[in-house]
Amino acid sequence: MQFLKNSILYAFFSGRYFCLFWIMIWPVLTFGQGEKASSSIAEIELKIEQSQLYINRNLDSAFVFAMDAQELAKGLEEDEIHVKVATNLGDIYKAIGDFSSSFDHYLQARVLLDDLMREDPDNWNTWFLKIDLDLREGTLQYLQGNLAKCLELNEAALVYLEKSIGIAPDGEIRLRKLKVFNNIAGVYLQKSDFDTALQYYQNASELNKQELNTMIESTLSNNIGICYMEKGEHDLSAHYFLKSLSFRSKDGDKRGQAQVLNNMGKNMVLTARFSDALKYYEQALNLGRETGNGESLLKSLESLATLNDTLGNYKVALKTYKEFKALNDSMFGYETKLAISRLEDSYRRDKEKKTFEFEAQRLEAERQKSEIRNISIAIALFSLLLLSILIIVLLRGKIRNSKYEQEKLELEHQKLEIERQALQESVDYKDRELTANALYRLKNNELITKITDNLLKAKATFRNENQRTIQEIIAELRASQDNQVWGEFEAHFTRVHSSFYQTLQDQFPNITANERKLCAFLRLNMSTKDISAITNQSINSITVARSRLRKKLNIEGEEVNLINFLSQL
């Protein structure tokens, strides 16, 4: 458990700061490299475009640009650019007639493409690289007479083109479909199924109306011309050949011009116009020598050898045939086919090996992924446990503090209640004391008054010598009466019930002084009898005064007690 804890802490802190370090330093380290790589890739792609442009014009120049692109690509870890470099070299060797080297470079590109497809099988850019390679290799197979393999590669390209609809740009899809239809038509042309071939060519031509690609249109016109020529419609065939030748002349496509001129020569032979045929074949041969195109040279040499033999130019025919035979052996001889076969076997073995290695890597990656997932789950569970413990501790502390606060509030409430009760008892005590004192003093005054009145009534019955003494006693008794008793009572009452008079005056401003006295006596919970004794009024008078007071205080009904009402003020 301690080991797991230490491992988690180490992974957390070391991973955290390691990632932070790389986040800070990575832009600095990679900015220059990324800018340099982007610049190199752009330059390589420009070299490839220039090379492709010269394939149909000057193979030497095309080869120079291709080698420059290959040199620039060294050291770059971008499989996609290496695929393009290898494919471009394959195109050049195919144009030269070195099919073995062409196939070798196409295989190099396919090995790299296999890796790209495994890494990102849903990337349409990679699909297009594969489609382009399938089309090129299909053409190579076609040139070697492997029609079934050519058809297989083009149909495979068509499958990926259908998958690309809605994902890749429509124009890119149409452009490649044109090439597929053209290649498939070429296979049927070789099989002498001219109607099917013509249908594919016409479908491609319809698609090209949206693209308006003159290079494709020239190729289609040439191939349609071949179909009509094989069908015996030589005038219509000548029309399409001339149309194709016009396009290729404007584009500067010498290789394409040689191809069309060879076909025009054949068309002239079939209509017995041998002199015109000879002229076209020689023009095609010169262009073939100029561009170094092996395929075109073979066709021109073979056609010229046959035509010169027909015309009786046997010496020229023999010389031409020997050149044709030497070139044909180099391009289609046993050694070339054997080399290509070996390359295919090598590619197949390498592919199987790579598939095995990839599967092993995938399993290892799955194992590591599973291990990382388990560690992550363990860390997550451990973190969850720590968090749960922390929450429980915090909740317990909160509950304990809440309990303490509640107990504290209860104690404070009890203390306040005790203080309130003590204050109430103090007020009640002072009320009782005030009432008792007032009663005592008022009764004392009443007693003195009563004695004085009795002495005054009995004064006449006393002797004359006692009259003076009686009068002095009466005077002393009157002097001993407490005339300030009510004022002192009110002052003491106000100290105990400080806001009573003010509240009474604010709520009931029409109340009289005597009624205010009566309210004070009632606030002290004094009975009618006690009030009668203090005020020296009859009980009936006090009862009437209480009734008037209820009306002034707006108290209706006997259910409201007058004393309780005044106690709430």
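Modeller: Let's start with threonine 320. Setting aside the neighbours within four places in sequence, threonine 320 is in contact with Leu301, Leu304 and Ala305. Keep in mind that this is a predicted model. Threonine 320 itself is part of helix α14, which covers residues 314-332. Is threonine 320 buried or exposed? Its relative accessible area is 10%, and the cut-off for buried is under 20%, so threonine 320 counts as buried.

Helix α13 takes in residues 294-311, and helix α12, residues 274-291, packs against α13 at an angle of about 150°, with the two axes 9 Å apart. Since anything over 145 degrees counts as roughly antiparallel, that makes α12 roughly antiparallel to α13. The crossing of α12 past α13 is left-handed.

Which residues make that contact? From α12 you have Phe274, Ala277, Leu278, Tyr281, Glu282, Ala284, Leu285, Gly288 and Arg289. From α13 come Ser296, Leu297, Ser300, Leu301, Ser303, Leu304, Leu307, Asn308 and Leu311. Sorted by class, the contact of α12 with α13 has 11 nonpolar residues, five polar and two charged. Leu301 and Leu304 are on the α13 list, and both turn up again among the contacts of threonine 320.

For another helix pair to set beside this one, go to α5 (residues 124-143) and α6 (residues 147-163). These pack at an angle of about 160°, with their axes 8 Å apart. α5 and α6 are therefore roughly antiparallel to each other, and their crossing is left-handed. On the α5 side, the contact includes Trp127, Phe128, Ile131 and Tyr142, and on the α6 side Leu147, Cys150, Leu153 and Tyr160 are among the residues involved. The contact of α5 with α6 comes to 12 nonpolar, three polar and five charged residues.

Stepping back to the whole chain, there are 22 helices and zero strands. Of its 569 residues, 36% count as buried, and threonine 320 is buried too. Take the contacts between residues at least 6 apart in sequence: 60% of them join residues at least 24 apart.

How values were computed. Residues are numbered from 1 along each chain as its sequence is written. This is a predicted model: local features need pLDDT of at least 70, side-chain atom pairs count only at pLDDT 80 or more; totals for chains, interfaces and linings use all residues. Side-chain values use heavy atoms; hydrogens and water are left out. Axes are lines fitted to C-alpha atoms, for helices over the stretch in contact, and angles run from 0 to 180 degrees between N-to-C directions. Helices (H or I, at least four residues) and strands (E, at least two) are DSSP runs, numbered from the N terminus. Angles under 35 degrees count as roughly parallel, over 145 as roughly antiparallel, 65 to 115 as roughly perpendicular and the rest as oblique. A crossing is left-handed if the near helix is turned anticlockwise from the far one by less than a right angle, and right-handed if clockwise. Contact means heavy atoms within 4.5 Å. Ala, Val, Leu, Ile, Met, Phe, Trp, Tyr, Cys and Pro count as nonpolar, Asp, Glu, Lys and Arg as charged, and the others, Gly among them, as polar. Buried means under 20% relative accessible area, exposed over 50%, partly exposed in between (1.4 Å probe, protein chains only).
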